[in-house]
Every structure is written in structure tokens, then in C-alpha cells.
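Please consult the sequence and the coordinates while reading.

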Amino acid sequence: MTMIFGIPLQAFLGQLLIGLINGSFYALLSLGLAVIFGLLRVINFAHGAQYMLGAFAAMLMLQYFGINYWFALVLGPLIVGLFGALIERTMLSRLYKLDPLYGLLFTFGLALTIEGTFRYLYGAAGQPYSVPPQLAGGTNLGFMFLPIYRGWVVVVSLVACIGTWLLIEKTKLGSYLRAATENPVLVQAFGVNVPMLLTLTYGIGAGLAAFAGVLAAPVYQVSPLMGSNIIIVVFAVVVVGGMGSIMGAILTGYMLGIAEGLTKVFYPEASNIVIFVIMAIVLLIRPAGLFGRDA
Amino acid sequence: MTDMSDTSVKSPAGQRAERSATASMTYAAFLIAGLAFLVVAPAFFYPIFLMKLLCFALFACAFNLLLGYTGLLSFGHATFFGGAAYFTAHAVKEWGFPPELGVLAGVVGAALLGLVMGYVAIRRQGIYFAMITLALSQMFFFFCLQAEFTQGEDGIQQVPRGHLFGFIDLNSSTNMYYFVLAVFVIGMVIIWRFINSPFGMILKSIRENEARAISLGYSVARYKLGAFVMSAALAGLAGGVKALVFQFATLTDVAWQMSGEVILMTLLGGIGTLIGPIFGAGLVVTLQNYLATSDFPVTIITGVVFMICVLVFRRGIVGEFYASWIGRKLGFEYRR
């Protein structure tokens, strides 16, 4: 059997793949956080809850309406995005004038409420969501066995990340968003409906989280706690990457996911904390984060 | 500011002095009433409940030292509260420390944790500070989950309360209650002294205008770190005593939900008021006790209260009282 650093190659690549998958979710989620923070100056603590809502939306739609995975991949983000936009319009938008800490606290309360409600209704235990038949099974790549669904997750999340980046950097809507980030008052004076833009951004961010949730449903168990477990790690990712750049958030997400996967191979005990350790080291060496502009 | 429509001839400064004199009189009256209530309370309430309340009240006040008086939102205070509970429980149970030294071990441990976490976290400000403290405290949570001495999911159980100073038997719940009360009062006096010291004044100036404090020549980072360690140590005091009260230390106390809870207590009671967090803690603990028997999850209520507080009730109970007509008549002022 081929060995690499004293570890069987198969185990090494297997963990690398798991790292890449986790990294895909970190990237998608930190991207959404960065987009929301960029314009709204709010750290969306409810991002994890919205991710969980996406997974639940997929599961419930299948259970009650027989809506399959492919429609859920579109409908889930749409529903959660609308819900997010509603929350932003009715409540979150009242907090922009205040210290950004209040936005964090509000979304924290929102996360607790959503999570508590789903725990009350569906219990804390996870429920399975099966892989869509078109993506079931796997292929033998010669050096390792690749479940098709996992490969799909990596590809789709990469496409979604790049798509969002293009939307923000290369389209007209994106240019409005970037301009409103720099100077909302001036942009409004040019006749752009900035409050609408804010609502849209929060909706898109929440929708992205839900998209990641639907993608995650067949990989992990669908559980009310899945969001809060991941959001704290994503916060660490965001601190490492710095929220100044969208691309930075994406790259850091993948990098830290892979770092976590590799730690599982070499020193499993530390795999839970490796991302936090990396965060601490980065803060000590480069307080602004790897890609950050603002301290 | 002072009321300009007032027709009296007193200068604004004079009015202000008079007001603050009234305020300190009312404060003193409230203080005596509050203390008297706490001294006789065991006759009316379940002692364990009161002790829990006092521990959380001290915890929330320690947290408020940071949020209310320095303007730093820590999302990782569970580390100090729960960490100290582990240290005290371990010291008392495994090393046979007397309770006073056990609590001291908890306080010192929490202060050291605070030094490390603070050193890393003060490198970023505002929202980042909150995220960093949250991430570091999650790291500590995983450490506690895996470390030997915390005994994983079981936690440290059957912690002996022992004899305070060798002769006061803390197994009697009356003795234990007055011990907790004494610790609470000492903790509050320390906090009061701290925020009214020159050090505390500088902290407030950092809260109000950090750039200005820097330009005045203060080493802001060092003051922040000092406040962080102080707050961590006092949170540790509360956590250590709590471990003795309940005779166990578990993962619940180091989990992020606990950090959220203490924020809620402070927010609900009134950020930046000395006694606000006590009321906040009282309300939250009472609510939890009330809901403990039903199967309705506390998280939903906590979350909704959080949202309502942030949206419409940012001054908190005590802050609203200070800012209300009665509060102003009594000479209080609410700023921030």
C-alpha cells in the first residue's frame, strides 16, 4: 500500500476530501457573512440558523410535499432568503444607526429563537436526508473511492462562490452594492434605493446560507444544532480571512477546511480546535487577518 | 444635561451637585434595603435558588465591568465562569483544598485564562473582539470536553463543600448561603471600587472615545487587558463559588450558551449600571427555574427576550428606571 508521511495514502486522501467538503461549507458561509457585513455592518449570528433552516426546508419539503432535492436546492434558499428579507425590513433595519454590537446581539437572539423552535418541534437528534438518486454511488479514481455526491458538493460550492464573487465585482447590481458600502448617502442621492439594496443583500446572504444548508443535508444529519456548531468555526474563519475581501473569505474557508481535515490524519485529538489555534496565531502575527484591510 | 427651563437661580453645576447628592442618598437607602432583604431572604426563599441567583448576579456584574464600563463585548465569559468552576471543584475534591483556597484557585485560574484570551483578543476591536472571544472560548470548551481532569461529559461530581477556615461547616445550607452572600458583597465592593478608581475612569474614557484616550497618552491596550483580567477573575469568583453551591462542575458552564446568557442578564438589567445586572440575573434565573418543570425550551424565550431588548429596551430595567421621571426625581442620571 502506498504510504505518505507514514499514513496510508487512502486515509490521507479520504481526510483531505472531508476537509475539502467542510471547507466548501466554511467558504459558502463566510462568504455570506462577508457580503452582509460589507454592506450592513452587521455580523449575522443567525447565519448558522439560516443554514440549518435550509437543510430543514429541504427535508420538510420532501416529507410533506414530495419536492425532490433539485427543486429544494432552488426553493430552500428562496424561502429562507425571503424570510431573511422580512426580518431585515421589519426589525434589523432599525438597528443600523446604533453600535454594530446591537446587530450582533439581535441576530444572536434570532438564532436562539429559531434553533429553540426547531428543537422543540423536531427534537435535538439528527434526521437523515438521502442523497438524490442521480448523484448516488461513487467512482473509483484508482487511488481512492470518491462518492459522487461529495464531488458534487465541492464543485457546486465552488461555482456558487465564484458566481457570487462575479455578481459583486462584475455586474451593475454589484457596483451599486460596492458603492453603497463606500458611501450610502451619496449613492442614495444618485437615486439608488439603498434601503432596498440592504434588504436584498441580507436576503441574498441568508439565501446563500440556506443553499449551503440544502447542500449539507445529505452529507451531515439534518439537526437543529447543526447551525450553531458550524457558525462559531465560521466566525474564526472570518477573523482569519478578514472581512475586507470576498475572495479572501472564500480562500480562507477552503484553506482552513483542508487544515482541519489534515489535522484529523496526523493528530485527531486537536482536529476540533485547530482552526481556533490558527486563528490565535494569525492574530498574534497579523492582527488584521490574512486578507484584511481594516483592523 | 440640565433642564434649561428651570427658573431657579442655581448654577447648572450646583444643580448637578445637588442631584448627585440626592442620588447617593437614594443609593444608600436602596443599598441598605437590598442588603437587609438578602440577609433575611433565606427565611422566605429556597436557599439553593438564592445562592444560584447571587452567583449569576456576581457573574453578570463582572461581565458588565467589561461591556458597560470598557465597551468591550466579550462572547467568551463562560470560559472564566465554567473554567473556575472546574478548577475549584478539582482543587477541593482531588487535592483536598479547603473551600476558601479552592475558590482562590478558581479565581487565579480564571485570571490566567483571562490574561491569555485577553492578550489575543484585544488585537482587534468591536465586532471582531466579540467573535474572537467566542472562538477562543469554544476552543476552551473542546479542551474541557477532552481533558482528563474535567471528566468529559460527566463533569466533576460530588464536590465536597468542606469547612470554611476549618471551622464553619458549609454543608449547612444556612452557612453556605451567608458565605455566598459575603462573597457576593465583597465582589460588588471590589467592582464598585474598581470602576470609581482612576483606572476605571480611564476605562470609561476608552469606552467613550478610544482615539482620544490614545492621544492623551494612555496605553489603551494595557488598560483593556487589565479590565479583561479583572472581569475574568471576578467571573471566576462567581464560578468557583457556584461549583461549591451545586457541588459539581460540568460542560454546561463553559458552553457558548452560558456566554450568551450572561450578556442577556446584563442587557436586560441595564448595561453600564452598577446594579442592573443583578436584576437581570434575578429575572433570568427566576424564569429558568419557572420553566425548568415545563417542557417548553428556555432558548426560545431567551432568544425572544434578547430581540425585544435590543429593539426597544436597550437601557434595560435599571437604565429605564434611571431615565424615567421617578428616577430623575430621585437624582439619577442615565448616560450612554
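Q: On which residue is the kink in helix 2 of chain B centred?
A: The model is predicted, so local features need pLDDT of at least 70, side-chain atom pairs count only at pLDDT 80 or more, and totals for chains, interfaces and linings use all residues. Residues are numbered from 1 along each chain as its sequence is written, while chains are lettered from A and ligands numbered from 1 in the order in which they are written. Helices (H or I, at least four residues) and strands (E, at least two) are DSSP runs, numbered from the N terminus, and the bend at a residue is the angle between axes fitted to the seven residues ending there and the seven starting there. In helix 2 of chain B the kink is about 35 degrees and is centred on Asn64(B).

Q: What distance does helix 2 of chain B reach from its first C-alpha to its last?
A: Helix 2 of chain B covers residues 47-70, which is 24 residues. The expected span of a helix is 1.5 Å times one less than its number of residues. For helix 2 of chain B, the expected value is 34 Å, and the reach is close to it, at 34 Å.

Q: How many of the 24 residues of helix 2 of chain B are buried?
A: A residue is buried if 20 or more other C-beta atoms lie within 10 Å of its own, exposed if 12 or fewer, and partly exposed in between, with C-beta atoms placed from the backbone. Helix 2 of chain B is largely enclosed by the rest of the structure, because its buried residues number 20 of 24.

Q: Which residue with a positive phi follows helix 2 of chain B?
A: The phi in question is near 80 degrees. The residue that follows helix 2 of chain B with this positive phi is Gly71(B).

Q: How far apart are the end C-alpha atoms of helix 9 of chain B?
A: Helix 9 of chain B is mostly covered, with 20 of its 27 residues buried. Just after this helix, Gln247(B) takes a positive phi of about 60 degrees. At 1.5 Å a residue, helix 9 of chain B should span 39 Å, which agrees with its end C-alpha atoms, lying apart by 39 Å.

Q: Is Tyr218(B) buried or partly exposed?
A: Tyr218(B) sits in the loop between helix 8 (210-215) and helix 9 (220-246) of chain B. Leaving aside neighbours within four places in sequence, Tyr218(B) is in contact (C-beta atoms, placed from the backbone, within 7 Å) with Ile202(B), Ala213(B) and Tyr223(B). Because 16 other C-beta atoms lie within 10 Å, Tyr218(B) is partly exposed.

Q: What is the distance in space between Tyr122(A) and Ser223(A), C-alpha to C-alpha?
A: Tyr122(A) lies in helix 4 (residues 100-122) of chain A. Tyr122(A) has 16 other C-beta atoms within 10 Å and is therefore partly exposed. Tyr122(A) and Ser223(A) are 101 residues apart in sequence, and their distance in space is 8.3 Å.

Q: Which element of chain B gives the most to the side that touches chain A?
A: The contact takes 32 residues from chain B and 35 residues from chain A. On the side of chain B, the elements giving two or more residues are helix 5 (126-146), helix 10 (256-269) and helix 12 (298-312). With 14 residues, the element that gives the most is helix 5 of chain B.

Q: What is the radius of gyration of chain B?
A: Chain B has 14 helices and two strands. The radius of gyration is taken over C-alpha atoms, and the globule rule is 2.2 Å times the number of residues to the power 0.38. For 336 residues the rule gives 20 Å, so chain B is as compact as a globular protein of that length, its radius of gyration being close to this at 20 Å.

Q: What percentage of the 295 residues of chain A count as buried?
A: Chain A has eleven helices and four strands. A compact globule of 295 residues would have a radius of gyration near 19 Å, which agrees with the 19 Å of chain A. Along its principal axes the C-alpha trace of chain A spans about 65 × 50 × 35 Å. The buried share of chain A is 49%.

Notes:
Two residues are in contact if their C-beta atoms, placed from the backbone, lie within 7 Å.
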